[in-house]
Amino acid sequence: MSIKMIINLSLLLLCVILTSTEKQDGYCDLKEKTCDRDFLNEKFIIYDVNPPEGFNLRRDVYMRFAIMLSDARQHNENWKLILPPWYSLYHWKAKQNDYPMPWSNFFDVKSLKKFAPVVELHEVFSKIDSNIFKIDRLYVLQNYDDAFENGEFRDKWEIGGDCDYDGSLWGYNNITVKKTICVKYQGRISKLWELISLNPADKFVMFAHGEIPLHDQYGTKTFWDCRKSMKFNKNLISRAKKYIYKYFNCNNKICNNYVSVHWRRQDFARSRKKDVPSIGGTVKQIDNAIKNYNPHIVNIFIASDGQNSELIELEKQLSDIGFKVHLYLPTQLELDTFKDGGVAIIDQIICSHAAYFIGTYESTFTFRIQEEREILGFDSSTTFNRLCPDNGRCEVPSKWKIVN
Ligand SMILES: Nc1nc2c(ncn2[C@@H]2O[C@H](COP(=O)(O)OP(=O)(O)O)[C@@H](O)[C@H]2O)c(=O)[nH]1
Ligand SMILES: *[C@@H]1O[C@H](CO)[C@@H](O)[C@H](O)[C@H]1NC(C)=O
Ligand SMILES: [Mg+2]
C-alpha cells in the first residue's frame, strides 16, 4: 500500500467516525452526505407577536430581537434568530395569504444577515433530521398589572402565574413545545438573556408576546444600522420604481414633483376619531399643505387601506380642486404574486420617494415610511407631517431623525 492510499483510507475512516457520531445528535442528514457542523453548536431563538398586531409593528419587534442577537454575536455567542414566518395577519384579506410566508417574500434576507445572525424557519427545518421541530422552552411573556411600582418604572421579570400561548405556531402542526413557562416581564430586551441562561442546555428557545420587551436604546446608530439593513425584496422595489417612473417620470431617490399621503382608515377611522379627519377635512389639509410647500405640484399619491367608496370620494374632491390623484391598484396577477403584504410595501416605497409626505398619527405604517425617508436623505420637514382631526387638538408628530 502506498502512503497516499493509507492517507486516503484513514481519511475515509475519520469521515465515517465523524459522521456517525454526528448522526447521534440527530441534526445531520446522512442521505444528503453533508453534515452542517455549525448547526450542532448553534442555538436558536424564535419569537411570536400578539396575534392582532399588524405587519409594521412586527417590523419593530424584529429590530429589537435582531439588535439583541447582533450584540450577543459581538461577545462570541452562538445564538441565531429564526425569522418567524408571516402568517394569517389580521389585515390581510386575500385567502391566498393563509400559509406561512418566509421573510424573503418581503425583505432582502441577505441584507438582514449582514446586520444580525438570522435564518429563515425553512432553513432550520432543512437541517433537522426529524419530522418534528421541537422547541425546548416557550416563555410566554406577560405585562405586569402595574407597570409603575411606587411610581417608578424599572426593568424586572418574574416567573410564575397562569398563562396561555394565544398564537398558532404559524399554522404548523409539526412544531411542538416541550415546556411552557409563564413570565411577567417589563423593560429592556437584553434582560431576556437572564431568562435564557436559566436553562443553558436549551437549543431552541421561543418567546411569545415578543412585543413586550423594549428596545435597549431607541434611535441610536445601532438602531439605524439595523433599520437600514431591512431592505425590501428587490421585486417589490422594482415594481414601485416602475410605477414612480411611469406616473411621475422620476428616476431619482428623491423626487420633486409629487406629494404622498398615507391615509389610514378601517380601524383608525372607526376607533380613533380624535386623530383622523373626515374626507372633506383630508382634502382641505392636503390642499393647504401643498400650497405651503410648493403650489406648482399637481400630483398626489395616496396610499390607503380605505374602502373603495371612500377613496373614490376623496379622489373626486381632490380632482375638483385641480389635483391629479394616483393610487397603486395591483392587477390580479400582481396581487397573487406580491400578496397583501407586498402590495402594502409597494405603497410604502412610492410614499417614501415623494417630495413631501403626510402621514397618519401614530400609525406604524406611517412610521416605517418616515424612517425610510430619513434613510433616503430627505429634509425632515418634508417627512414628519400628519393629518389632523377636523376639530380639536393636533399634536405635532415626534421626529425620529437618522443617526449615521
Ligand atoms: N396597501 C396598503 N395597506 C395598508 C395601508 N395602510 C394600512 N394598510 C394595511 O393595514 C395594516 C395596518 O397595520 P400595521 O402595519 O400594524 O400599521 P398601523 O396599524 O397603521 O400601525 C398594514 O400592515 C397593511 O396590511 C396602505 O396605505 N396601503
Ligand atoms: C413541517 O411541515 C412543513 C409543511 O408542511 C414542511 O415544509 C416542513 O419541512 C416540516 N418541518 C419538519 C421539521 O419536518
Ligand atoms: Mg397595527
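A residue is called buried when its relative accessible area is under 20%. By this criterion, 48% of the 404 residues in the protein are buried. The model described here is a predicted one. Its accessible surface comes to about 20600 Å², and carbon and sulfur atoms account for 51% of that area. Along the principal axes, the C-alpha atoms fill a box of roughly 90 × 60 × 40 Å.

The secondary structure of the protein consists of 13 helices and 11 strands. Two domains are assigned: domain 1 covers residues 42-222, and domain 2 covers residues 233-382. Their centres, taken over C-alpha atoms, are 31 Å apart. Contact between the domains involves 19 residues of domain 1 and 18 residues of domain 2. For the protein as a whole, contacts between residues at least 6 apart in sequence were examined, and 76% of these join residues at least 24 apart.

Helix α7 spans residues 221-229. Its buried residues are Phe223, Trp224, Cys226, Arg227 and Ser229. In an α-helix there are 3.6 residues a turn, so residues three or four places apart point the same way. The elements that cover the buried residues of α7 include α3 (55-74), α4 (109-115) and α13 (364-376).

Phe107 is located in the loop between β2 (79-83) and α4. Phe107 counts as buried because its relative accessible area is 2%, which is under the 20% limit. Apart from residues up to four places away in sequence, Phe107 touches Phe55, Arg59, Trp86, Leu112, Met230, Lys231, Phe232 and Asn233.

With residues up to four places away in sequence not counted, Asn233 touches Ser104, Asn105, Phe106, Phe107 and Asp108. A polar atom of the Asn233 side chain also lies 2.7 Å from the backbone nitrogen of Asn235.

Pro117 lies in the loop between α4 and β3 (118-120). Its relative accessibility is 9%, so Pro117 counts as buried. When neighbours within four places in sequence are left aside, the residues in contact with Pro117 are Leu69, Ser70, Arg73, Trp79, Lys80 and Leu81. The C-alpha atom of Pro117 is 7.7 Å from that of Ala66, a residue 51 places away along the chain.

The model contains ligand 1 and ligand 2. Ligand 1 is surrounded by 16 residues, of which the closest are Asn56, Arg264, Asp347, Ser363 and Thr364. The Thr364 side chain has an N or O atom 2.6 Å from an oxygen atom of ligand 1. An oxygen atom of ligand 1 is also found 2.8 Å from a polar backbone atom of Ser304. In the side chain of His262, an N or O atom is 3.0 Å from a nitrogen atom of ligand 1. On its own, ligand 1 has 550 Å² of accessible area, and the protein covers 90% of this.

Around ligand 2 are Phe125, Ser130, Asn131, Tyr172 and Asn174. This shell is made up of two nonpolar residues and three polar residues, with no charged residue. An oxygen atom of ligand 2 lies 2.3 Å from a polar side-chain atom of Asn174. For Asn131, a polar backbone atom is 3.4 Å from an oxygen atom of ligand 2. The accessible area of ligand 2 on its own is 360 Å², of which the protein covers 55%.

Terms used. Residues are numbered from 1 along each chain as its sequence is written. Chains are lettered from A and ligands numbered from 1 in the order in which they are written. This is a predicted model: local features need pLDDT of at least 70, side-chain atom pairs count only at pLDDT 80 or more; totals for chains, interfaces and linings use all residues. Side-chain values use heavy atoms; hydrogens and water are left out. A residue is near a molecule or strand if one of its heavy atoms lies within 4 Å of it. A polar contact is a pair of N or O atoms within 3.5 Å; within protein, one must be able to donate a hydrogen and the other to accept it, and residues adjacent in sequence count only if both atoms are side-chain atoms. Accessible areas come from the Shrake-Rupley method with a 1.4 Å probe; for residues, only the protein chains shown count as cover. Ala, Val, Leu, Ile, Met, Phe, Trp, Tyr, Cys and Pro count as nonpolar, Asp, Glu, Lys and Arg as charged, and the others, Gly among them, as polar. Buried means under 20% relative accessible area, exposed over 50%, partly exposed in between (1.4 Å probe, protein chains only). Helices (H or I, at least four residues) and strands (E, at least two) are DSSP runs, numbered from the N terminus. Contact means heavy atoms within 4.5 Å. Domain bounds come from an automatic or database domain assignment.
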